[in-house]
Amino acid sequence: AQVDPQSLLRALMAALSRHPRITVRSGATVERLLVERDRCTGVKLDDDVLHADATVLAAGSWSSLIPGVPAGMPVVRPVPGQMVLLDERPPRARTIVFGAGGYVVPRGDGRVLCGSTMEHAGFRKEVTAAGVHTILGSALACVPSLGAAQLIGTWSNFRPHAEGGALVGASELPGLFLATGHHRNGILLSKITADEVAAAILRD
């Protein structure tokens, strides 16, 4: 089984836009958590203050950089990774294939996702010749027929890594809940993360 993150995000945003009690704000910067009497009471934005009974920290690789985060929370660090997208027409690859150092994910419409590098380079978001070479070498070793596929895209992004695994549920600061540090599995664990965080909030 597989999940297409872009399609899932579009569906999620469409669902949120139709909900009468949900407001989505993009482009706003969180300057710090609001803490009053040893409890998180919301966030200070660059142009506003949002008060909340429950605040969920889901800032990915930037989670540890927000002022006010509890000192005892494991540090979340970025682990950059590069990806390659191929187009195989007609589609021949049909199943996900894992091999030494990489994987191939056919999307079913001719697109084939190939990954991925694992780098400890901080917040450096770049696609390199060496990274693409490594990914394609692994992909072609897994599925040799992809040698005739067209290269249609490359990108790089950050995986939020926390020592000891994902941070999900209540934090040591009352009123603050965590949904971060999932490393390579954020999109795959999104449903169970939402369920666990919601349950923790309702218990609070």
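Leaving aside neighbours within four places in sequence, Met-73 touches Leu-57, Ser-63, Ser-64, Leu-167, Glu-172 and Leu-178. The model is a predicted one, and contact here stands for heavy atoms within 4.5 Å.

Met-73 itself is part of the largest nonpolar core, which has 14 residues. Met-73 is listed there with Leu-33, Leu-57, Val-69, Leu-167, Leu-176 and Leu-178 as the residues with the most contacts inside that core. Two elements, β2 (39-45) and β11 (176-180), each give two or more residues to this core. The largest share, three residues, comes from β2. As a general matter, nonpolar side chains tend to be buried together in soluble globular proteins.

Which residues of α2 are buried? They are Gly-131, Val-132, Ile-135, Ser-138 and Ala-139. These residues lie on the same side of α2, because they cover an arc of only 135° around the axis. The face turned away from that buried side carries the exposed residues Ala-129, Ala-130, His-133 and Ala-141. On the other hand, the buried residues of α2 pack against four strands: β5 (76-87), β7 (102-106), β8 (111-115) and β9 (150-162).

Terms used
Residues numbered from 1 in each chain as written. Predicted model: local features only at pLDDT ≥ 70, side-chain atom pairs only at ≥ 80, totals over all residues. Heavy atoms only, no water. Buried < 20%, exposed > 50% of the residue type's maximum accessible area, 1.4 Å probe, protein only. Arc of directions from axis to C-beta. Core = buried A, V, L, I, M, F, W, Y, C linked by side-chain atoms within 4.5 Å.
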